[in-house]
Amino acid sequence: MDASSIITSLNDDQRLAVSAPMQAMLVLAGAGSGKTRVLVHRIAWHIQVNQISPYNILAVTFTNKAANEMRHRIEDLLETPAHAMWIGTFHGLAHRLLRQHAKQAKLPDTFQVMDSDDQLRIIKRLMKNLNLDDSKWPPKQAQWFINAQKDEGIRAKHMQDSGDFYNRQMKDVYLAYEDVCQRSGLVDFAELLLRAHELLRDNEDLLAFYKQRFQQVHVDEFQDTNTIQYAWLRLLTEGNNNLFVVGDDDQSIYGWRGAKIENIFNFQKHYPEHGIVRLEQNYRSSGHILKAANTLIANNDNRMGKELWTDAGEGQAISLYSAFNEQDEAYFVVEKIRQWVRDGGLRSDTAILYRSNAQSRQFEERLMTTATPYRVYGGLRFFERMEIKNALAYLRLSTNPHDDPSFERVVNTPTRGIGAKTLDDMRILAREQQLSLWQAALAMLEHNQLPARAANALRGFLNLIVALGETTKELSLHETVKQVVETSGLIELYKKEKQDKGEARVENLEELVNAARLFDYDSENAENMGELDMFLAHAALEAGEMQGEVDEDCVQLMTLHSAKGLEFKLVFLVGLEEGLFPSQQALDDAGRLQEERRLCYVGITRAMQQLYLTHAESRRLYGKDSYPRASRFLRELPQESIQEIRLRANVSRPAANSAPQTKSLGSKGTYKLGQPVRHEKFGEGVVLQMEGEGEQERVQINFRNAGIKWLMLAYAKLDAA
Ligand code: ATP
Ligand code: MG
């Protein structure tokens with residue numbers, strides 16, 4: 001293949017960036033202007049034209065999905081595989097480094113990555129040990145505090161002893177937390193980054209090796225790097241002037257999690273010899289959509305200032321729908337999607353984007369009712385489901401028995417008669433003697449400190465774990481998973497569980513075995529990393545991205561945050577209400593409000609052909625009813641690009657505010673879409689639809705706790721709620 005094909009499909013500015021001399025570069029440009037495309041072509045250019053081996057290339061992306069896509073696109077351009085290239089997220093790459101150099105990173109070989117649930121569990125336990133009252137010292141806040149320190153590169157021992165009582169307490173928690181993690185070989189997400197930084201900083205030879213290896217370093221979505229991530233990039237590229245970053249200040253949406261937009265300025269300062277390219281043509285969206293995005297974001301200040309244009313024509317106007325409640329909203333959106341599909345569109349070209357994960361449920365239920373395949377990113381996380389986490393805990397213990405959160409999770413799941421008292425004693429012993437729970441359990445058995453029944457039960461559990469570790473050494477990954485799922489007793493446990501729930505759990509466990517079978521283990525490249533360790537890390541790190549692998553054509557559901565960098569032909573931006581989007585916390589914080597506006601800009605610019613904006617006039621969320629005002633962002637859009645949709649000819653609107661008297665409902669016509677009802681057994685719910693006549697008359701109700709059900713009116717005892 002000749003080099004020209006790498007640049008023929010680019011515009012002049014993009015070409016400039018792709019073919020620039022080997023030097024530090026900043027591509028600063030708005031959404032959909034081809035930043036990611038430039039990054040991909042730049043890497044291909046290095047390999048093809050500058051004769052740099054893929055082995056010498058490092059690229060950081062925002063999600064694992066983006067990393068895979070990038071690799072494929074580069075391979076397509078080059079028409080040859082590029083295994084040796086390191087492409088991944090900051091977390092994924094940090095994990096890889098730590099795995100390969102565990103000793104130098106002062107970690108046990110068997111260290112495990114834990115997710116934020118496990119982290120919180122440990123912190124809760126520690127705070128209890130320190131006698132800190134939950135209500136005054138919420139563990140979640142402590143977790144937040146610790147992660148924020150780590151994101152800034154600060155260890156507990158580095159924290160200033162300020163006079164602040166809160167800080168002193170938090171420092172104690174942080175110290176104790178570091179200690180437990182170190183002893184149990186557990187690494188949280190923030191720790192991955194911090195430790196990978198320390199690893200390179202403190203090991204001169206290693207740093208020299210990687211600096212030599214990574215001749216060109218590339219970063220997508222640079223505006224969302226935090227302090228420690230940037231520090232890590234700097235270590236790798238300092239003096240070599242070989243850092244290529246692309247970003248958009250208007251899409252910085254992780255300030256609340258420590259991302260530093262200032263890194264763009266820092267870059268310009270730290271790499272004085274850099275080139276800058278700005279891209280202004282947008283290739284993604286049609287005119288109205290782009291205009292809306294430009295107009296909205298102009299309300300922010302301190303922007304680096306860019307305006308996007310397109311030659312794609314105006315396209316369709318943006319549609320705005322005011323739903324009367326969240327169910328009507330879901331109804332509307334799903335109907336539009338079904339229409340799209342009837343007209344020959346693909347479901348995978350459509351996306352429903354929301355501010356908060358909790359919003360997905362309404363859409364999921366409606367999609368389910370209409371048998372429309374869909375996929376949720378981030379929300380219902382496959383690897384975070386209870387049964388999956390239990391199975392993973394067994395797997396983790398089988399490779400590292402000192403993993404305390406895993407120990408806690410399954411020591412009595414399924415129940416095996418290890419009582420609360422035994423566990424408490426174990427925790428106390430562990431705390432006093434600085435042991436892992438595993439070691440404490442062994443010690444208690446050794447010193448005969450337990451009643452015979454408890455001792456037997458505990459011994460049974462320990463033996464089970466040891467046996468799992470032994471047998472699985474011989475097996476392939478998916479056989480290992482299968483073995484663990486079966487001998488742990490989990491399958492049996494869930495089979496006994498009532499109704500669909502248990503069945504679904506069993507299916508999920510089977511899906512886990514399947515996921516292990518499909519796990520794409522790049523052994524060629526993984527050097528000394530065990531397959532099981534990689535799989536477990538994958539489960540922790542990609543929890544938010546995967547929901548079983550499905551090939552089916554699916555509607556895409558995700559939060560606005562996880563939509564970054566993606567594009568869809570048809571986009572629904574839902575829940576545009578004050579207090580939801582912008583979020584409650586942003587309402588009286590000018591800085592956060594601007595970040596919400598950037599998030600809205602990200603949302604709008606995901607759409608290629610058609611964009612729908614919706615809000616509901618009444619909404620039940622987190623168990624509370626509200627009557628929110630429409631989002632201010634709607635008012636900030638150019639009215640000439642917006643078309644309001646008025647339908648509802650066939651649905652009558654329940655009076656949002658009036659509280660109807662309790663009365664028995666029975667005859668046709670009494671039901672309205674969205675009407676609240678109560679059922680003796682299923683509790684509160686809302687009417688979704690009605691059908692049939694006379695004896696056959698049925699009504700479909702979405703019960704808050706019991707889910708969606710069809711009931712025969714003749715038999716259902718329904719009251720107005
Ligand atoms: P975001 O800020 O949302 O991450 P981006 O700047 O990274 O966007 P890309 O995703 O790289 O933009 O490109 C947006 C769309 O425009 C993609 O579909 C891409 O293939 C297309 N595109 C970019 N440049 C060109 C070009 N020169 N010719 C044709 N299509 C292009
Ligand atoms: Mg991009």
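# A chat about a loop, a ligand and a sheet

Tutor: G32 sits in the loop that runs between β1 and α3. Keep in mind that this is a predicted model.

Student: Is G32 buried or exposed?

Tutor: G32 counts as buried, because it has 25 C-beta neighbours inside 10 Å. The cut-off for buried is 20 or more.

Student: What does G32 touch, leaving aside neighbours within four places in sequence?

Tutor: G32 is in contact with N282, Y283, R284, S285 and T605.

Student: And A29, where is that?

Tutor: A29 is in strand β1, residues 25-29. A29 is buried too, because 26 C-beta neighbours lie inside 10 Å. Its contacts, not counting residues up to four places away in sequence, are K35, D248, R278, L279 and K306.

Student: Which residues does the UniProt "binding site" annotation cover?

Tutor: The unreviewed UniProt entry lists A29, G30, A31, G32, S33, G34, K35 and T36.

Student: Now ligand 1. Which residues come nearest?

Tutor: G34, K35, T36, R37 and Y283, out of 19 residues around ligand 1.

Student: Which helix gives the most to that shell?

Tutor: Helix α3, residues 35-48, with three residues. By class, the shell has four nonpolar, ten polar and five charged residues.

Student: New topic. What order do the strands take in the open sheet?

Tutor: The five strands go β20-β19-β18-β17-β21, with antiparallel pairing. The edge strands are β20 (707-712) and β21 (718-720), each pairing on one side only. The twist averages 40° from one strand to the next.

Student: How many bridges join β18 to β19?

Tutor: Six, between residues 683-691 of β18 and 698-703 of β19. G685 stands opposite F703 in β19.

Methods:
Residues are numbered from 1 along each chain as its sequence is written. Chains are lettered from A and ligands numbered from 1 in the order in which they are written. This is a predicted model: local features need pLDDT of at least 70, side-chain atom pairs count only at pLDDT 80 or more; totals for chains, interfaces and linings use all residues. A residue is near a molecule or strand if its C-beta atom, placed from the backbone, lies within 6 Å of it. Helices (H or I, at least four residues) and strands (E, at least two) are DSSP runs, numbered from the N terminus. Ala, Val, Leu, Ile, Met, Phe, Trp, Tyr, Cys and Pro count as nonpolar, Asp, Glu, Lys and Arg as charged, and the others, Gly among them, as polar. Two strands pair if DSSP finds at least two bridges between them. Axes are lines fitted to C-alpha atoms, for helices over the stretch in contact, and angles run from 0 to 180 degrees between N-to-C directions. UniProt positions are given in the numbering used here, feature names are shortened, and annotations may be inferred rather than shown by experiment. A residue is buried if 20 or more other C-beta atoms lie within 10 Å of its own, exposed if 12 or fewer, and partly exposed in between; C-beta atoms are placed from the backbone. Two residues are in contact if their C-beta atoms, placed from the backbone, lie within 7 Å.
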